[in-house]
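This briefing goes through a protein model by topic. Please keep the sequence and the structure at hand while reading.

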Amino acid sequence: MGHLITVATSLNQWALDFEASLGDIHFYGPGGNLERILASIRIAKERGATLRVGPELEITGYGCLDHFLEGDTALHSWEVLAKILQSEEAKDIVCDIGMPVMHKNVIYNCRVIIHNARILLIRPKMWLANDGNYRELRFFTPWQKHRQVEDHYIPRIIHAVTGQTKVPFGDAVVSTIDTCIGVELCEELFTPASPHILMGLDGVEIFTNSSGSHHELRKLYRRVDLIKEATMKVGGVYLYANQQGCDGDRLYYDGCAMIAVNGRIVAQGSQFSLQDVEVVTATIDIEDVRSHRATSSRSMQAAEAERYQRVEVDFALSEGKFGDTKDVRELTISPTYEVRYHRPEEEIALGPACWLWDYLRRSRTQGYFVPLSGGIDSCATSVIVFSMCRLVAEAARNGDEQVIADARRIAGEPEDSAYVPSDPREFSNRIFHTCYMGTENSSVDTRSRAKDLAEAIGSHHVDLNMDTLVTAVRNLFAFITGVKPQFRVHGGSAAENLALQNIQARLRMVIAYLFAQLLPWVRGRSGGLLVLGSANVDESLRGYFTKYDCSSADLNPIGAISKTDLKKFIAYAQDAFDLPILSTFLDAVPTAELEPITEDYVQADEADMGMTYDELSVFGRLRKVEKCGPYSMFTKLVHEWGSFLSPLQIAEKVKHFFFEHARNRHKMTTLTPSYHAEQYSPDDNRFDMRPFLYPARFPWQFKKIDEVAAILPDKSTQNAHAVKAKTE
């Protein structure tokens, strides 16, 4: 019987943060990437572990992007690795470390397996992630010599530490005295022919997977299923490590380090956390793997499996005998763990909040500013900031020194302060600022909702009226041109009506940045605030916002979240955060309040857009996730909506969506950086790469839709009661 304690880690690494400055160590606890790696190894050894696995590209941080092409990045990675090899922490433990490596002038995404100041193996990634937000083929080359190994001649800085001149580089496995370890790197788990299959048939019993996997709503289920399936058939121990936090980009890496044995999850880390270092451990019996594999069919396939080259290390991961066990608790095998899944509304409360905290402390700014309109979108953004304050207060009450130090600096406390941010509303008042910017078109309801919400969450709130600014701009135009534009309700044209709305919207952006820059000064503090935007993914997809209005901000925590999910989040937060005021936001009709209110006209978002938010969610999913153009979207929706809409009605809805999406696509090029949360995000940065000048009337595509719609039977009348059927 061989018991061993295994470790998978989640590290909050930051791109190019190789080693923190002294000031950063004071404020950030474990400091830079090097310090966080060493801290995780130290914790692993304290728990009796003999194998430690870290996230993908943990030395550099996963999000370096084009910096991976720079020679400096490779050089500094070797320098950091040298410090790890020399450290006391890395002695008497096998460590799986991630970094880029240039081999024969080709850059690879690699795992470096080390033990006692020696490199055992450099294992390059073989299948690269190159979809959605991932562009690994831009920086790295996949290793295509499967089950082959070459000599890699190491730099002098490493030779001086290890005494080695060359080390194995390629697709090999590591053989210890008591077991065999193989590497499967992030995306390789998601491929149809994952390496763990052939490695398992060749006798590998422990699989390590180091990932840089980002959060998306409802994504964790797939990841867990793949990890369980990886060892359910082939048998084995699976150690999954992941980066956690914002490392300088739109993505939030959601940790959730896991350990699985023979298809059972036995340990799971947090998915959302303010901790920079989280270590997950489990005690397993390697004999369980061998028993699981003792089947005839598996043995027949294993007997003819192609062999991997094995790199041997004179080290045992397990104690081996009962008498060698230092603590009787080490004999307790970790039981099956019930995987913790967050509901989507909980994910919205936690993921963007953690992302905002990382961005705030690492940008060294003094807080956030939100133009609070009294509508549900800016309400959601504000509640997410309040959720961040709740997480900070919880961590502070639990004695998290790093979070306390960060909060003191952000709040403007002196270095010798004893301040502890234990009250989320009190902390919110220090670092969160909201502002209602009213005009003559604003209602009493939205103004009072904004004021009441600010009071409930504790933000420092400003209420102002900006009619004088709007009138000044309007009069300037009239003075120069001799013509005064009018709203539609006053007889103005569509062009006049839109221009007058945009004046208000764009002035709000200017005012927001003015107040964000000077409010800390007004309150006797230094520094400035980051402005948060509140445009949701559906409005961006449709282009239903003014370019360079309050959607233009520094960050947007809800920019990739649908209106439908935001409503669910607000309903959840009403009880979870004890905010009864949120019910008034849920009951309110979404409106921009940019046109005059009359007895027979009140501006409403869905009426302006010509489609509902539920319909937009469907259009977004089909366009991006299902990869539908206009015609294929129409044919799919004929089946989905045909029971309550005629083909001609569906055709008009599809054409209207694509027309509006195409003619507003240019707005995506200036979209505020948003937390990535949804697969159908229209973010133009690198996730949704499309032209921004379209033939917006799609003459060929729309003609084909019209031809087919004209001859299809109308089945909607056969089911008149299904008009209210779900369109989600």
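**Briefing on the predicted model**

Helix α19, which spans residues 563-576, contains Lys563. The structure is a predicted model.

- Lys563 counts as buried because its relative accessibility is 2%, under the 20% limit.
- Apart from neighbours within four places in sequence, Lys563 contacts Ile376, Asp377, Asn536, Asp538, Glu539, Pro590 and Tyr613.
- Thr381 is part of helix α12, which covers residues 376-397.
- With a relative accessible area of 0%, Thr381 is buried.
- Beyond four places in sequence, the contacts of Thr381 are Val370, Leu532, Gly533, Ser534, Pro557 and Ile558.

**The open sheet and its helices**

- Four strands make up an open sheet in the order β19-β18-β17-β20, and their pairing is parallel.
- β19 (460-465) and β20 (530-531) are the edge strands, each pairing on one side only.
- Two bridges link β17 (residues 368-371) to β20 in the parallel sense, and Phe369 has Val531 of β20 as its bridge partner.
- Helix α12 packs on this sheet and touches β17 and β18 (432-438). The direction of α12 makes about 160° with that of β17.
- Helix α14, residues 424-431, lies across β17, β18 and β19. Relative to β18, α14 runs at about 65°.

**Nonpolar cores**

- The largest nonpolar core has 60 residues, of which Trp357, Tyr368, Val383, Met388, Phe569 and Leu582 touch the most other members.
- Helix α12 contributes the most to this core, namely twelve residues.
- A separate second core holds 38 residues, among them Val7, Ile59, Ala90 and Val279.
- Which residues does Met388 contact, leaving aside its neighbours within four places in sequence? They are Ala353, Leu356, Trp357, Leu360, Tyr368 and Ile431.
- Two of these contacts, Trp357 and Tyr368, are also listed with Met388 among the residues that touch the most other members of the largest core.

**Strands β8, β9 and β10**

- β8 (residues 173-175) pairs with β9 in the antiparallel sense over two bridges. The two strands form a hairpin, with four residues between them.
- Strand β10 (residues 206-211) runs parallel to β9, and three bridges join the two.
- Ile181 of β9 is the bridge partner of Val174, and Ile181 also stands opposite Ile206 in β10.
- In a regular strand, side chains alternate between the two faces of the sheet.
- In β9 (residues 180-183), Cys180 and Gly182 point one way, while Ile181 and Val183 point the other way. All four are buried.

**Cysteines**

- A disulfide is a covalent bond between the sulfur atoms of two cysteines.
- The model has zero disulfides by the distance rule, which asks for cysteine sulfur atoms within 2.5 Å.
- Cys246 is in no disulfide, since the nearest cysteine sulfur, that of Cys354, is 11 Å away and the limit is 2.5 Å.
- Cys246 is buried, having a relative accessible area of 3%.
- Cys379 is likewise in no disulfide, and its nearest cysteine sulfur belongs to Cys389, 15 Å away.
- At 0% relative accessibility, Cys379 also counts as buried.

Definitions and conventions. Residues numbered from 1 in each chain as written. Predicted model: local features only at pLDDT ≥ 70, side-chain atom pairs only at ≥ 80, totals over all residues. Heavy atoms only, no water. Core = buried A, V, L, I, M, F, W, Y, C linked by side-chain atoms within 4.5 Å. Buried < 20%, exposed > 50% of the residue type's maximum accessible area, 1.4 Å probe, protein only. Contact = heavy atoms within 4.5 Å. Pairing = 2+ DSSP bridges. Axes fitted to C-alpha atoms, helices over the stretch in contact; angles between N-to-C directions.
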